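This report describes selected residues and their surroundings.

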Amino acid sequence: MAGIATAEACDANTSLIASGELRVLQPVFKTFGQSRAFSGPILTLKVFEDNVLVREVLETRGEGRVLVIDGGGSMRCALVGGNLAQSAQNMGWAGILVNGCIRDADEIDGCDIGVRALATHPMKSNKKGIGEKHVAVHIAGTLIQEGEWLYADNDGILISKSELSI
């Protein structure tokens with residue numbers, strides 16, 4: 001996380017918050033994975049109850065990025081499970097934000113990666129390969145663009161137009 005706490009980032013960047021360049025996500029996500037604090041540039045996906053594109057992305061080199069998945073807030077199946085979290089860890093992803101559900105929570109908690117999701121669900125998703133990569137997504141009251149930065153810790157999740165320094 002490069003030592004930047006979200007509360008400290010908010011305190012130090014009031015002008016960025018006022019301008020909308022730094023946004024705070026609504027506090028609706030649960031924390032999973034061993035990395036309770038993580039940050040990185042964002043790669044976006046928009047899918048609905050289908051995780052084929054999620055798998056494709058997480059099996060590529062993460063290079064410290066954070067995958068932001070807009071799953072439409074669906075509570076009917078999981079988009080990320082233990083195998084994908086392990087793959088993300090192995091491929092160098094810093095974290096995953098899921099606007100939807102995960103499964104295999106205990107396995108994910110054993111992975112050295114940060115994961116935020118709305119809830120857990122035991123059912124796997126469809127496998128049709130339908131969705132969009134590299135698109136703007138609207139999650140937890142905030143429009144998120146690919147290439148922006150995500151900062152997450154136990155206090156919350158921030159989205160920044162650029163990399164923060166304090």
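N99 lies in strand β6. The model is a predicted one. With a relative accessible area of 11%, N99 is buried. Setting aside neighbours within four places in sequence, the contacts of N99 include F29, I69 and L118, the run D70, G71, G72, G73 and S74, and also H138 and I139.

**Nonpolar cores**

I69, one of the residues that N99 touches, is also among the members of the largest nonpolar core that touch the most other members. That core has 24 residues, and V54, L67, V80 and I96 share this standing with I69. At least two core residues come from each of β3 (38-46), α3 (52-58), β4 (66-70), β5, α4, β6 (95-102) and β7 (114-120). The most is given by α3, with 4 residues. There is also a second, separate core of 17 residues, in which L25, V66, I157 and I159 are included. In soluble globular proteins, nonpolar side chains tend to be buried together.

V80 belongs to strand β5. Its relative accessibility is 1%; this is under the 20% cut-off, so V80 counts as buried. Beyond four places in sequence, V80 is in contact with V54, I69, A85, I96, V98, C101, I102, R103 and I108. For one of these contacts, V98, the C-alpha atom is 8.0 Å from that of V80, although the two residues are 18 apart along the chain.

**Helix α4 and the annotated site**

Which residues of α4 are buried? They are G82, L84, A85, S87 and A88. The buried residues of this helix pack against α3, β5, β6 and α5 (105-109). After α4 comes G92, with a positive phi near 85°.

An unreviewed UniProt entry carries the annotation "binding site" for G81, G82, N83, L84 and R103. These positions spread over 23 residues of sequence but cluster in space, with a largest C-alpha distance of 10.2 Å. G81 sits in the loop between β5 (78-80) and α4 (82-90). Apart from residues up to four places away in sequence, G81 touches R103, D104 and I108; R103 is itself one of the annotated positions.

Is N83 buried or exposed? N83, which is found in helix α4, is exposed at a relative accessible area of 59%. By contrast, G81 is buried, at 11%. The annotated site therefore includes both a buried residue, G81, and an exposed one, N83.

**Cysteines**

How many disulfides does the structure hold? The number is 0. For C77, the nearest cysteine sulfur is that of C101, 7.5 Å away; a disulfide needs sulfur atoms within 2.5 Å, so C77 is in none. C111 is likewise in no disulfide, and its nearest cysteine sulfur, again that of C101, is 18 Å away. C77 is buried, and C111 is buried as well. C101 is also one of the residues in contact with V80.

The relative accessible areas of the residues discussed individually are listed here.

| Residue | Relative accessible area | State |
|---|---|---|
| V80 | 1% | buried |
| C111 | 2% | buried |
| C77 | 6% | buried |
| G81 | 11% | buried |
| N99 | 11% | buried |
| N83 | 59% | exposed |

Definitions and conventions: Residues are numbered from 1 along each chain as its sequence is written. This is a predicted model: local features need pLDDT of at least 70, side-chain atom pairs count only at pLDDT 80 or more; totals for chains, interfaces and linings use all residues. Side-chain values use heavy atoms; hydrogens and water are left out. UniProt positions are given in the numbering used here, feature names are shortened, and annotations may be inferred rather than shown by experiment. Buried means under 20% relative accessible area, exposed over 50%, partly exposed in between (1.4 Å probe, protein chains only). Contact means heavy atoms within 4.5 Å. A nonpolar core is a set of buried Ala, Val, Leu, Ile, Met, Phe, Trp, Tyr and Cys residues joined through side-chain atoms within 4.5 Å.
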